[in-house]
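Here is a set of questions and answers for reading a protein model step by step. Please keep the sequence and the structure in view as you follow each answer.

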Amino acid sequence: MYSVLCGRLALAFALAIALLFAFASSAGAAPDSPSKPKIRAITAFVHLDRARYQQQIQETLVFLRGAQKQFEQAGWEVETIRITTQPFPEYTRGLLHDEVLAFFRDYDALAVKENFDAAIGQAMVKDTDDPVEAELLAKIIAGSKSLEGSIVIGGEDGIHWRAIHAAAGVIQYLEANTLHSQGNFNFSATAFVPTGTPFYPGSYYTGQGKDFAIGLQSANVVANAFASTNSPALQEAALKDSLGQYAQQIEKTAMEVGKAAGWKYGGIDLSPAPLKDVSIGGAIESYLHAPMGSSGTLTAAAMITRILRDVPVKHAGYSGLMLPVLEDTVLSQRWSEGRLTLDSLLSYSAVCGTGLDTIPLPGDVTTDQLEHILGDVASLAVKWSKPLSARLQPVAGKNPGDTTEFEDPFLVNAKIQPLP
């Protein structure tokens, strides 16, 4: 009994020390401290009116730039500002095929000029929607530098098989018609992703306008918490405390921004997005003391997602663990080594998010194979009624064993593996 009591006291003391350290680190961190998360995106949501869209965009940019300045003054680095609309067929209705493409060429030029990212919503929301809109989306993305979009492949009404076929067609078109087949970075097939999601490319909007949300780049916060101790209980407590304090500070500024500008704050997507060497894979490996894909990876994925759900702020989007293979140096390495596979990533998605994200595939992948992969994602999402997406990146002319040659500041390259 005495030894058990001593053990519990020791654990409590260690927990208190870990929490005190996390608090001191977050409270006293300088604005450029590596322990702080970055704001990956301030995303504004607009109900676009084609007749006056340029005025709407300029008004939205005034808000976004003011918000960015206010966050930066509060000590946060902001990487991107973004504008998301309702599904684009709603505001291009009545235009001919070539007129739709011309409209989005102009919109893309405006986004490049004004330096914002733009999501134009889904081409297909219901399985009964016209797949011609999916064909248009493929051409829009292929002809643009900044526009992103998606197709819904599952929802409360079940799996959308016609949409899955259409999404496979978009993937193959972008593979064949964009440099290094890179256009698929701007397209995703989604299921159960909520409106007002700040992360791209599955972002869309169903409201009346003047809403905004925040997306975090916080893989470093996970890494710091996991490196602070070897005890899973203390790691969990340290992550919940540090991420919770950062998120509450960001939310406080967001609410001030919204109140001053007359925009509605929609929440934070707490998904700990990585960016290359700011690696969520490396963070998980500090928990495992083993490579990603080893036993315990699913436990780590579940634990991180559970902590995210408990952070006391308004949540938006996925708010789950993201494992984007080609956006993370450790994940891309483990994929190249064969430690991560389509099936293992799907198994982790059962307890987290976001599905299959930036997955390099052989260039000769068939339509049937793409449909089977997308069907697996949709089946898992429908089974658990949870947001998942698929961003698949087959590369024309590349075979298993070859390395991708993407040229994008958000992407790293990896070896292409044979399909199972």
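Q: Which side chain is joined to that of Ser389 by a polar contact of 3.2 Å?
A: In this predicted model, Ser389 has its place in strand E10, which covers residues 388–394. Beyond its neighbours within four places in sequence, Ser389 is in contact with several residues, including Ala189, Thr190, Thr354 and Val377. The side chain that joins the side chain of Ser389 in a polar contact of 3.2 Å is that of Tyr318.

Q: Is Ser389 buried or exposed?
A: The term buried applies under 20% relative accessible area, while exposed applies over 50%. The relative accessible area of Ser389 is 8%, and because this value falls under the cut-off of 20%, Ser389 counts as buried.

Q: How many residues does the largest nonpolar core have?
A: As a general background, nonpolar side chains in soluble globular proteins tend to be buried together. In this model, the residues with the most contacts inside the largest nonpolar core are Phe71, Phe104, Tyr107, Phe116, Ile151, Leu374 and Leu392. Apart from this core lies another one of 6 residues, among them Val193, Phe199, Tyr318 and Met322. The number of residues in the largest nonpolar core is 117.

Q: What is the arrangement of the rings of Phe88 and Phe104?
A: Phe88 lies in the loop between E2 and helix H3 (89–92), whereas Phe104 lies in helix H4 (residues 97–114), so the pair ties together parts that are 16 residues apart in sequence. Both Phe88 and Phe104 are buried. Their ring centres are 5.7 Å apart and their planes stand at 90°, so the arrangement is edge-to-face.

Q: Which residue forms a salt bridge with Arg40?
A: In general, side chains of opposite charge can pair when their charged atoms come close. For Arg40, which is buried with a relative accessible area of 5%, the closest N and O atoms of the salt bridge are 3.4 Å apart. The pair links distant parts of the chain, with Arg40 in strand E1 (residues 38–46) and its partner in strand E2 (residues 78–85), 39 residues apart. The partner, which counts as partly exposed at 25% relative accessibility, is Glu79.

Q: Which helix holds Glu285, the salt-bridge partner of Arg334?
A: The side chains of Arg334 and Glu285 meet in a salt bridge, with 2.6 Å from N to O. Arg334 counts as buried at 13% relative accessibility, and Glu285 counts as buried at 16%.

Q: Which strand do the buried residues of H11 pack against?
A: In H11, Val330, Leu331, Ser332, Arg334 and Trp335 are buried. At the start of this helix, a side-chain oxygen of Asp328 reaches to within 2.9 Å of the backbone nitrogen of Val330, and H11 is followed by Gly338, whose phi is positive, near 85°. The buried residues of H11 pack against H9, helix H12 (342–349) and, as the strand asked for, E9.

Q: Over the ring of which residue does the charged end of Lys36 sit?
A: A charged end that sits over a ring is found for Lys383, which lies 5.4 Å from the centre of the ring of Trp384. For Lys36, the distance from the charged end to the ring centre is 3.8 Å, and the ring belongs to Trp76.

Technical notes: Residues are numbered from 1 along each chain as its sequence is written. This is a predicted model: local features need pLDDT of at least 70, side-chain atom pairs count only at pLDDT 80 or more; totals for chains, interfaces and linings use all residues. Side-chain values use heavy atoms; hydrogens and water are left out. A nonpolar core is a set of buried Ala, Val, Leu, Ile, Met, Phe, Trp, Tyr and Cys residues joined through side-chain atoms within 4.5 Å. Buried means under 20% relative accessible area, exposed over 50%, partly exposed in between (1.4 Å probe, protein chains only). A salt bridge is a side-chain nitrogen of Lys or Arg within 4 Å of a carboxyl oxygen of Asp or Glu. Helices (H or I, at least four residues) and strands (E, at least two) are DSSP runs, numbered from the N terminus. Contact means heavy atoms within 4.5 Å. A polar contact is a pair of N or O atoms within 3.5 Å; within protein, one must be able to donate a hydrogen and the other to accept it, and residues adjacent in sequence count only if both atoms are side-chain atoms. Rings of Phe, Tyr and Trp (its six-membered ring) pair if their centres lie within 6.5 Å; planes under 30 degrees apart count as stacked, over 60 as edge-to-face and the rest as tilted. A charge sits over a ring if NZ of Lys or CZ of Arg is within 6 Å of the ring centre and within 35 degrees of the ring normal.
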